Amino acid sequence: MPRPISATISLPALRHNLGTVMAQLVSSSVAARRTMPQVWAVMKADAYGHGLLNALGAFGQAQGVAMLDMNEAVRCRQAGWTGPLLLLEGFFDPADILLAAHYELTVAVHTQEQLDMLLAARPARPLDVFVKLNSGMNRLGFAPKDYRQAYGQAQQAQAAGLVRHLGKMTHFACADDNHEATAAQIAVFNQTTDGLPGSVSVCNSAATLTDGLWTTLTGADSQWVRPGICLYGASPFAGVSADALGLRPAQTLAAELISVRTIGVGDAVGYGYLYTADGPMRIGVVACGYADGYPRHAPTGTPITVDGVRTRILGRVSMDMLVADLTAVPQARVGSKVVLWGRGGPSVDEVAHASGTIGYELLCAVAPRVPRLVVQ
Ligand SMILES: *Cc1c(COP(=O)(O)O)cnc(C)c1O
């Protein structure tokens with residue numbers, strides 16, 4: 001028998017979450033009397049750990065899908081996705097341009113090096129291109145002072161038949177928690193792209209779920225939003241739960257108790273003896289550790305559910321095991337079901353918060369050795 005641990009991926013939850021996001025876009029577009037933005041469902045990193053093809057199957061309502069990796073893009077095409085497919089970092093060498101043309105991909109272009117490669121390329125058919133602006137995050141994109149010239153070069157490529165649709169994009173650094181900083185990025189974007197033709201793509205999950213934010217972007221009538229994390233049922237906002245946003249967990253990490261014992265006052269638990277009992281208590285060993293993707297930094301007190309009862313972990317997380325407090329679960333025994341996060345357990349955001357990270361990292365990090373079960 002394999003170790004009793006699994007990650008269950010719920011396709012109905014993925015569909016529900018996309019539906020929730022799209023319903024919100026419908027209502028904000030009606031309120032603003034604007035054309036509704038189209039959605040690139042972001043599926044990078046193997047769909048945030050949910051499996052690329054699982055997500056592709058569930059996100060059929062999205063107008064487009066977005067990722068980073070050429071191999072992932074090709075897998076989506078081979079699986080039958082014929083709609084728009086955006087490579088968020090664009091191409092890395094000239095051979096990628098030919099592949100992007102062959103597979104009819106849309107590419108972000110964020111450096112002069114990419115523009116030079118594009119202008120020198122002879123792709124079999126023109127590419128769709130979004131020219132990326134660095135509106136403040138200082139990660140990818142042309143500086144505002146260079147943007148219009150870069151856009152002009154992309155327009156030359158368009159005139160030369162190398163580019164079909166041309167658009168403008170940027171990325172927010174603080175859409176989850178700093179409205180002023182985001183407003184400043186919007187101002188830079190609107191000012192820099194003013195009057196340039198083409199559609200607009202700016203909003204990640206946090207911006208997409210901030211009511212009406214997308215309508216403040218110039219060119220809101222032809223816009224693509226790029227939600228990722230919310231589609232997987234985690235919250236992009238530190239202070240707002242996914243549940244409160246109407247989202248459902250799409251990934252559930254579950255395991256079982258493989259050993260149960262009673263310890264007494266002064267007895268310690270696990271590596272480093274980080275937890276010491278101050279009275280007699282029952283504890284259970286869970287078949288999940290950091291080699292499965294559970295965060296090693298999760299401290300005593302991190303929530304966990306045993307036999308449907310919410311309790312906490314104790315002491316240090318080991319490679320293959322961790323320990324749960326069974327004080328509140330007297331019926332627990334070897335074989336009892338444990339939910340580390342997801343449906344029937346704490347949210348991935350709660351576990352992440354306790355461990356000093358974000359749900360994104362935990363969802364992506366479930367190890368290959370953990371078997372995936374897919375709920376259709
Ligand atoms: C990852 C990513 C997104 C999606 O971000 P979420 O916070 O997961 O919604 C959008 N745009 C770009 C460029 C990204 O890299």
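The legends below describe close-up views of a predicted model, beginning with the whole chain and moving to single sites.

The model is predicted, so that local features need pLDDT of at least 70 and side-chain atom pairs count only at pLDDT 80 or more, whereas totals for chains, interfaces and linings use all residues. Residues are numbered from 1 along each chain as its sequence is written, and side-chain values use heavy atoms, with hydrogens and water left out.

**Figure 1. Overview of the chain and its secondary structure.** The chain has 11 helices and 18 strands, where helices (H or I, at least four residues) and strands (E, at least two) are DSSP runs numbered from the N terminus. Along its principal axes the C-alpha trace spans about 75 × 40 × 35 Å. Of the 376 residues in the chain, 53% are buried; buried means under 20% relative accessible area, exposed over 50%, and partly exposed in between, with a 1.4 Å probe and protein chains only. Among contacts (heavy atoms within 4.5 Å) with a separation of 6 or more, 64% join residues 24 or more positions apart. The chain exposes about 16100 Å², of which carbon and sulfur atoms supply 53%; accessible areas come from the Shrake-Rupley method with a 1.4 Å probe, and for residues only the protein chains shown count as cover.

**Figure 2. The surroundings of the ligand.** The ligand is surrounded by 13 residues, the closest being Lys44, Tyr48, Ser205, Ile229 and Tyr360; a residue is near a molecule or strand if one of its heavy atoms lies within 4 Å of it. By class, this shell has 6 nonpolar, 4 polar and 3 charged residues, with Ala, Val, Leu, Ile, Met, Phe, Trp, Tyr, Cys and Pro counted as nonpolar, Asp, Glu, Lys and Arg as charged, and the others, Gly among them, as polar. Polar contacts are pairs of N or O atoms within 3.5 Å; within protein, one must be able to donate a hydrogen and the other to accept it, and residues adjacent in sequence count only if both atoms are side-chain atoms. A backbone N or O atom of Gly228 lies 2.8 Å from an oxygen atom of the ligand, and a backbone N or O atom of Ile229 lies 2.8 Å from an oxygen atom of the ligand. From the side chain of Tyr360, an N or O atom is 2.6 Å from an oxygen atom of the ligand. On its own the ligand has 390 Å² of accessible area, and the protein covers 92% of this.

**Figure 3. Helix α1 and the elements that cover it.** Helix α1 (residues 11–32) has 22 residues and reaches 32 Å from its first C-alpha to its last, close to the 32 Å expected at 1.5 Å a residue, the expected span being 1.5 Å times one less than the number of residues. At the start of α1, a side-chain oxygen of Ser10 comes to within 3.0 Å of the backbone nitrogen of Ala13. The buried residues of α1 include Leu11, Leu14, Leu18, Val21 and Leu25, and what covers the buried residues includes β1 (5–10), β2 (38–42), α3 (52–58) and β18 (372–375). Arg33, which follows α1, has a positive phi near 55 degrees.

**Figure 4. Leu52 in helix α3.** Leu52 has its place in helix α3 and, at 1% relative accessibility, counts as buried. Leaving aside neighbours within four places in sequence, Leu52 is in contact with Met43, Asp46, Ala47, Met67, Glu72, Arg75 and Cys76.

**Figure 5. Ser235 in the loop between β9 and β10.** Ser235 lies in the loop between β9 and β10 (251–263) and is buried, with a relative accessible area of 7%. The side chain of Ser235 reaches the backbone nitrogen of Phe237 at 3.0 Å and the backbone oxygen of Val240 at 2.6 Å. Not counting residues up to four places away in sequence, Ser235 touches Val240, Ser241, Ala242, Leu245 and Asp349.

**Figure 6. Thr302 in the loop between β13 and β14.** Thr302 is found in the loop between β13 (281–286) and β14 (303–306) and counts as buried at 0% relative accessibility. The side chain of Thr302 reaches the backbone oxygen of Pro299 at 2.7 Å, and residues touched by Thr302, beyond four places in sequence, include Tyr294, Arg312 and Val351.

Figure 7. Most residues other than glycine have a negative phi. Ala45, in helix α2 (residues 44–49), has a positive phi of about 55 degrees although it is not a glycine, and counts as partly exposed at 41% relative accessibility. Glu104, in the loop between α5 (94–102) and β5 (106–109), likewise has a positive phi of about 55 degrees, and counts as partly exposed at 45% relative accessibility.
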